[in-house]
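Morning, everyone. Let me put the model on the screen, and then we'll walk through it.

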Amino acid sequence: MGATDFAKLPHIGEAVRRKEDYRFLTGAGQYTDDVNLAHQAQAVFVRSPHAHARVKSVDVRKAEAMPGVLKVYTGKDIEGKMNGLPCGWLITSTDGTPMKEPPHPVLAQGKVRYVGDHVAMVVAETLQQARDAAEAVEVDYDVLDAVVAVGDAKQGPALHDIAPDNHCYKWAIGDKAAVDAAFAKAAHVTRLDLVNNRLIPNAMEPRAAIGSYNRATDEYTLYVANQNPHVERLLMTAFVLGLPEHKVRVIAPDVGGGFGSKIFLYAEDVALTWAARQLNRSIKWTADRAEAFLSDAHGRDHVSHAEMAMDKDGKFLALRVHTDANLGAYLSTFSTAVPTILYATLLAGQYTTPQIYVEVDAWFTNTAPVDAYRGAGRPEATYLLERLVSRCGWELGLGQDEIRRRNFITQFPYQTPVALQYDVGDYPAAMDKAQKLADVAGYAARVKTSEAKGLKRGIGYSSYIEACGIAPSNIAGALGARAGLFECGEIRVHPTGSVTVFTGSHSHGQGHETTFAQVVAARLGIPVENVDVVHGDTGRVPFGMGTYGSRSISVGGAAIMKALDKIETKAKKIAAHLMEASDADIEFSGGEFKVKGTDKKIPFGQVALTAYVPHNYPLDKLEPGLNETAFYDPTNFTFPAGTYICEVEVDPATGAVRVDRFTAVDDFGTIINPMIVEGQVHGGLVQGIGQALLENCVYDRQTGQLLTGSFMDYAMPRADDFPNFQLDTICTPCTHNPLGTKGCGEAGAIGSPPAVINAVLDALRPLGVKEFDMPASPARVWNAIQSAK
Ligand code: MCN
């Protein structure tokens with residue numbers, strides 16, 4: 001079935017209430033910490049209090065003698081290394097040398113490299129006993145100097161022997177000579193230095209895991225708060241522990257948010273799985289919030305210089321970017337892909353810039369590893385580009401909208417100079433709609449109202465694009481990936497016509513149990529309640545690549561569509577047999593099989609029953625059962641895009657910024673469930689605006705201590721920080737997936753930070769403020785105003 005016909009089916013575009021919410025709202029959800037296994041012990045990790053130190057000795061004798069303690073493990077016990085995991089991309093530096101991939105022990109061996117690094121794992125009968133014993137582990141550290149910022153990395157003390165200058169790789173994309181030539185001819189060049197501040201993910205459910213082992217079958221089970229259980233299993237068995245993959249089952253039950261931070265293979269998961277066999281016990285660990293701050297992979301942390309060359313009319317001629325990316329102390333699972341492929345390839349944005357050259361230097365520092373966080377590379381690209389474009393508009397006196405309109409791509413497909421080919425979009429239409437919804441015409445009057453209150457009002461634009469549906473293995477391979485991505489879906493039609501869907505996607509808040517059921521119900525013409533969705537269990541789902549990169553509906557949903565095609569083909573044969581017609585004469589719609597040109601028809605349920613109760617069944621031509629599996633690997637990414645307009649009021653006396661209006665017009669192609677999509681945009685906006693105004697991870701530059709290690713110091717956005725968002729959509733259906741969908745899960749977080757900061761700068765420009773970096777906290781804004789005086 002094509003995307004156009006699919007969009008017309010019942011249930012598609014319907015705001016079906018979330019099936020999963022009953023259990024979440026009534027406290028019946030099953031998160032990892034809710035799981036308790038027989039003979040379960042508890043683990044606590046001893047973490048480094050120093051950012052950089054040699055570990056001279058770890059004395060566990062006192063701890064092991066304490067009541068209830070089963071064992072204390074150190075780096076001497078676990079041999080496997082968390083290496084080979086940057087399975088996303090192996091980066092080759094521009095000089096042809098491979099990136100530096102330093103050894104990453106599960107528990108520290110010889111050195112610790114960030115505050116929170118794993119030194120030992122204490123296993124005891126109870127949590128309190130494990131905590132007490134953890135305090136009794138005696139670690140003798142020889143404290144070393146630390147380095148936390150990319151600007152200091154080169155001169156800083158070396159973290160790893162193989163990277164004496166802390167440099168991991170230099171990577172570049174684009175035609176440097178062509179870019180330099182374009183700059184030489186430019187009528188005007190706009191320049192910008194900016195920092196994309198480091199963020200700490202804060203899912204409501206902290207990370208948690210239970211390792212268990214069955215001696216009778218030699219099988220391991222890992223319950224873990226994770227976004228991609230099959231990949232977790234593959235990485236852990238093949239790269240770290242060397243176990244037979246089929247002997248390990250990974251179950252990610254209900255997961256209370258991930259935002260990227262639960263994609264990765266973490267040392268705790270490995271240590272618990274390994275130790276379960278050593279002790280022949282199930283072992284549970286649940287991070288407390290302080291541990292989460294220290295040890296979850298962080299996000300962003302770029303320092304960039306960008307330059308746009310333009311002709312006299314403000315047409316972009318070339319973009320040149322240099323970025324220093326902070327990778328933290330070790331390479332996390334996808335960390336090499338984030339500041340390279342996922343970042344630089346998005347720097348064309350919505351514009352026809354003919355030449356782009358991007359160079360990235362990646363550095364090790366004594367900080368928690370940095371990896372994908374909602375948007376992963378694409379928010380960094382959008383922030384840089386959309387800040388730069390607004391500045392171009394201001395410098396040329398064109399305004400933020402006209403500079404964008406003059407450069408919008410309007411012909412599709414469009415090949416960018418940085419590898420991607422956009423299939424479809426309508427950028428002017430999104431801006432038109434956003435300007436209308438934002439009542440841009442009434443802006444001047446609102447400025448006067450703000451002035452009357454002694455406040456400065458500003459308006460900020462951001463026209464973002466992102467690449468979602470992360471998968472296309474052909475493109476991934478061409479860009480240097482070690483492995484391509486795809487998704488798997490299995491449809492089991494039961495004899496009574498109800499359906500269970502097994503998907504390799506994982507829902508940790510995105511509502512897949514509802515939207516995937518809508519897709520299946522729409523295709524089969526059955527009620528949504530008759531479809532259940534199973535995910536997050538390597539023992540039940542055939543295979544899966546998991547959820548990140550807003551890929552689930554467009555890749556996981558498409559795999560389900562492919563399996564449904566197979567179901568339909570087989571069901572038609574059964575229907576043909578039942579109605580004594582030829583297969584070619586059977587039509588299927590609205591849950592009924594009909595013989596073309598006659599009034600003969602039978603319902604889907606009768607065909608399902610016949611498949612399992614094969615009375616007078618043509619067994620020579622058809623197998624019993626109605627159960628199909630499909631794998632889907634798309635030919636391209638999906639490219640959601642939109643225009644966001646933010647209006648802020650700034651109090652120049654205090655520096656306080658208030659978001660007064662926020663308008664978002666997005667293009668997600670065909671929408672399955674507008675209510676869920678709206679919720680996704682709300683969540684994304686809150687995260688993006690949170691980064692722009694509040695959130696900021698700060699390490700002490702001298703000691704490497706995390707200064708923002710709790711909610712007292714790390715400001716999370718709250719409902720009263722926001723106005724009601726004004727949302728709308730346009731729809732240019734994706735041209736290459738059978739649903740016509742584009743991902744929506746990250747858009748809000750990608751598009752909103754530059755809209756906010758552009759608005760703040762717009763408000764402060766009359767006061768002489770030209771620049772400052774996120775977050776626009778009152779102190780920073782006030783200081784910027786004072787410095788400009
Ligand atoms: N959808 C739809 N129509 C579309 C696009 C999507 O109805 N055109 C629906 C989908 O069916 C799905 C939801 O919207 O129910 C999100 O779909 P999609 O855009 O495919 O994104 P994913 O499901 O792959 O989710 C991943 C994305 C990412 S990358 C992060 S990070 C993120 C996010 O989703 N983390 C989240 N949203 C989150 N929401 C919650 N509550 N918790 C997280 O951790």
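Domain bounds here come from an automatic or database domain assignment. That assignment gives domain 1 as 3-29 + 486-632, domain 2 as 32-144 + 206-255 + 262-295, and domain 3 as 381-468 + 638-788. Residues are numbered from 1 along each chain as its sequence is written. Keep in mind that this is a predicted model: local features need pLDDT of at least 70, side-chain atom pairs count only at pLDDT 80 or more, and totals for chains, interfaces and linings use all residues.

Domains 2 and 3 to begin with. Their centres, taken over C-alpha atoms, are 38 Å apart. Seven residues of domain 2 contact seven of domain 3; contact means C-beta atoms, placed from the backbone, within 7 Å. On the domain 2 side, five are nonpolar, one is polar and one is charged. For the classes, Ala, Val, Leu, Ile, Met, Phe, Trp, Tyr, Cys and Pro are nonpolar, Asp, Glu, Lys and Arg are charged, and the others, Gly among them, are polar.

Now the ligand. Which residues come nearest? Of the 36 around it, they are G509, T515, S552, I672 and G745. Near means a C-beta atom, placed from the backbone, within 6 Å. Helix 16 (512-524), helix 17 (552-578) and helix 19 (674-693) each give two or more residues to that shell. Helices are DSSP runs of H or I, at least four residues, numbered from the N terminus. Helix 19 gives the most, with four. By class, the shell has 10 nonpolar, 22 polar and four charged residues. Where does the ligand sit? Domain 1 and domain 3 both supply shell residues, so the ligand lies between them.

Stay with helix 17. Its axis and that of helix 18 (residues 604-612) come within 9 Å and cross at roughly 90 degrees. Axes are lines fitted to C-alpha atoms, for helices over the stretch in contact, with angles from 0 to 180 degrees between N-to-C directions. The two helices are therefore roughly perpendicular; that term covers 65 to 115 degrees, while under 35 is roughly parallel, over 145 roughly antiparallel and the rest oblique. A571, I574, A575 and L578 of helix 17 meet V607, T610 and A611 of helix 18. Six of these are nonpolar, one is polar and none is charged.

Last pair: helix 11 (residues 378-396) and helix 20 (residues 747-764). They pack at about 30 degrees, axes 8 Å apart. That makes helix 11 roughly parallel to helix 20.

How values were computed
Contact = placed C-beta atoms within 7 Å.
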